[in-house]
Amino acid sequence: MNTLTWLVARDFASGVTRVRLAGALTDTELVRLAPVLRRCLLEEPLALLVELDEVTVASPIGLRVFAIVQGGDAGHRPVVHLCARPDSPTGRLARHSISGLVSVQDSVIDATKLVESAPRSPYRWHEYLPPHPHSPGQARRLIAGACRSWQLTTLVDEAMVIGSELVSNAVEHAGTELDVTTTRQAGAIRISVRDRAAELPRPGTGHRPGPVPGRGRGLAIIEALASDWGYAAFADGKTVWAALRLPD
């Protein structure tokens with residue numbers, strides 16, 4: 001039996017994440033795959049395209065994991081498109097067993113066209129930023145615009161500070177191009193910063209506030225303001241995120 005393998009490709013500008021699977025989708029392999037899919041969602045894509053042409057499925061139950069991943073929370077949630085040829089065993093099984101729960105398309109090209117033609121989610125704001133001292137200010141403007149568009153003016157100041165600190169840290173310590181994404185989800189707004197450096201954040205070792213304006217003050221500020229925060233490492237970098245609970 002073939003071990004399940006995967007290849008993840010991300011396009012932050014379009015908001016599309018592609019996951020190409022190959023091998024047998026068994027119960028054991030589902031346990032390995034689930035955290036990979038969750039990590040993909042940490043980067044707040046608009047859509048998750050899962051290629052199944054090279055996958056064998058022992059049971060339709062195995063395909064239901066993709067419907068669970070799509071979820072049903074209010075606010076931003078990625079649309080999951082399964083991509084499988086209609087004449088393949090996996091394609092036929094997907095259309096028969098879960099087509100009412102999750103989108104099943106003939107190919108990645110068809111799924112991509114659907115994503116491109118769909119209205120953009122008002123609950124996801126994204127901007128690509130260079131590793132430049134001006135980038136924290138650009139992030140603040142992005143986040144303020146998002147919060148105001150969602151009628152969350154009481155969160156603007158705290159959200160801007162959190163986003164500014166995340167970006168300042170990435171500019172100073174990663175020194176790579178960045179993708180800043182702000183989303184409104186059920187019960188919270190979430191700010192994510194993706195860089196291309198392997199070094200992981202170290203809680204409790206960030207810079208404390210100092211006299212130099214505009215400098216990143218580290219994780220201490222984020223820990224103090226955010227209701228939750230975390231990070232995920234990838235082969236080509238990491239995503240550091242923080243969340244703010246919505247007011248009652």
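Tutor: Helices (H or I, at least four residues) and strands (E, at least two) are DSSP runs, numbered from the N terminus. The model is predicted, so local features need pLDDT of at least 70 and side-chain atom pairs count only at pLDDT 80 or more, while totals for chains, interfaces and linings use all residues. Residues are numbered from 1 along each chain as its sequence is written, and side-chain values use heavy atoms, with hydrogens and water left out.

Student: Is Trp150 buried or exposed?

Tutor: Trp150 sits in the loop between α5 and α6. Buried means under 20% relative accessible area, exposed over 50%, and partly exposed in between (1.4 Å probe, protein chains only). Trp150 has 6% relative accessibility, so it counts as buried.

Student: Which residues does Trp150 contact, leaving aside neighbours within four places in sequence?

Tutor: Contact means heavy atoms within 4.5 Å. By the contact criterion, Trp150 meets Pro122, Tyr123, Arg124, Trp125, Thr182, Thr183, Arg184 and Ile189.

Student: Gln151 has a positive phi although it is not a glycine. Is Gln151 buried or exposed?

Tutor: The phi of Gln151 is about 60°, and Gln151 lies in the loop between α5 (135–149) and α6 (156–174). Its relative accessibility is 66%, so Gln151 counts as exposed.

Student: Glu44 also has a positive phi. Is Glu44 buried or exposed?

Tutor: Glu44, not a glycine, has a phi of about 55° and is placed in the loop between α1 (27–41) and β3 (47–57). Its relative accessibility is 3%, so Glu44 counts as buried.

Student: Where in α1 is the kink?

Tutor: The bend at a residue is the angle between axes fitted to the seven residues ending there and the seven starting there. In α1 a kink of about 30° comes shortly before the proline Pro35, at Leu33.

Student: Which residues have the most contacts inside the largest nonpolar core?

Tutor: A nonpolar core is a set of buried Ala, Val, Leu, Ile, Met, Phe, Trp, Tyr and Cys residues joined through side-chain atoms within 4.5 Å. The largest has 31 residues, and α6 gives the most to this core, with eight residues. The residues with the most contacts inside it are Leu166 and Ile189.
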